[in-house]
Amino acid sequence: ATYYAVVSQIKKSYKVTFYNENGEEIKSETLEYGAQPACDYAGPSDTAEWDYTFEGWATSLNGEALASIPTVAGEAKYYAKVQSLKQYYDITFCENDGYVLTKLSLPYGSTPSYNYEFGSSMEWEYTFLGWATTQNGTPLESLPMVNGNATYYAQVNKVKKQYTITFESNGGSSVAAITEDYGTEIAEPTKPTKDGYKFVAWTTDIEGTKEFVAIFSWLGWL
């Protein structure tokens, strides 16, 4: 007699588990040897603070991303490899009329700042009040941390400068000083008198050589 062995061949199966970047399980399945495991996880959603990029799967939580997931050859664990980068935003500082002073790219959570400098003027006295979120807006007590694109407008108070013209009559009758805003039209003061002398003109030097006649038409020339 001849006997033949009858063998039932069953392909082995193995457990394959996928974890997110924090080590939390997101998928587990049992697959036959040689099968191709897969998981459609693509990383967390971007937030205002972070920009996430899914780089692939690694065999350990802090391992390097694999070029591809191999076919099943035994039990396996795969961990999502995700790169997180701080989100950057455009912070723009402008004059109140909208003229751009500077534009900065700053990371979420940082505190923006800009050293605003304004030129001097013969006519105006300037005082920087702070930054506002709108033109002609209310100045903020402080600039908030960066949490998105933002534009700030410089709020400046300006007051017309005043000037004083002093008259030295060189021994003659006194002439009161004149204090007025820049650009104010003023009248010529009463001419001083002095016994034995005749008033000729006002000058800007004590020697009397630099006659100045425009002083009575437009304050601010001094």
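Biologist: Which strand holds Val156?

Modeller: Val156 is in strand β8. Keep in mind that this is a predicted model.

Biologist: Is Val156 buried or partly exposed?

Modeller: Read the relative accessibility. Buried means under 20%, and exposed means over 50%. Val156 has 31%, so the residue counts as partly exposed.

Biologist: What is the order of the strands in the open sheet?

Modeller: The four strands run in the order β6-β5-β8-β7, and their pairing is mixed. Now look at the ends of that order. β6 (100–107) and β7 (124–132) are the edge strands, because each has a single partner. One side of each is therefore left without a neighbour in the sheet. From one strand to the next, the twist averages 20°.

Biologist: How many bridges join β7 to β8?

Modeller: Eight bridges do, and the two strands run antiparallel.

Biologist: On to charges. How many salt bridges does a search of the whole structure find?

Modeller: Three. Here is the general idea. Side chains of opposite charge can pair when their charged atoms come close. Start with Glu29 and Lys27, whose side chains meet at 3.6 Å, N to O. Glu29 is partly exposed at 24%, and Lys27 is partly exposed at 28%.

Biologist: Which residue does Glu49 meet in a salt bridge?

Modeller: Lys86, with an N to O distance of 2.6 Å. Glu49 lies in the loop between β2 (25–32) and β3 (50–58), while Lys86 is in strand β4, so the pair ties together parts 37 residues apart in sequence. Glu49 is partly exposed at 25%, as is Lys86 at 33%.

Biologist: Which residue forms a salt bridge with Glu123?

Modeller: Lys160, and the closest N and O atoms are 2.7 Å apart. This pair also links distant parts of the chain: Glu123 is in the loop between β6 and β7, and Lys160 is in strand β8. Glu123 is partly exposed at 24%. Lys160 is partly exposed at 29%.

Biologist: Where is Ser169 found?

Modeller: In the loop between β9 (162–165) and β10 (178–181). Its relative accessibility is 17%, so Ser169 counts as buried.

Biologist: What does the side chain of Ser169 reach at 3.0 Å?

Modeller: The backbone oxygen of Gly172. The backbone oxygen of Ser173 also lies 3.0 Å from a polar atom of the Ser169 side chain.

Definitions and conventions
Residues are numbered from 1 along each chain as its sequence is written. This is a predicted model: local features need pLDDT of at least 70, side-chain atom pairs count only at pLDDT 80 or more; totals for chains, interfaces and linings use all residues. Side-chain values use heavy atoms; hydrogens and water are left out. Two strands pair if DSSP finds at least two bridges between them. Axes are lines fitted to C-alpha atoms, for helices over the stretch in contact, and angles run from 0 to 180 degrees between N-to-C directions. Buried means under 20% relative accessible area, exposed over 50%, partly exposed in between (1.4 Å probe, protein chains only). A polar contact is a pair of N or O atoms within 3.5 Å; within protein, one must be able to donate a hydrogen and the other to accept it, and residues adjacent in sequence count only if both atoms are side-chain atoms. A salt bridge is a side-chain nitrogen of Lys or Arg within 4 Å of a carboxyl oxygen of Asp or Glu.
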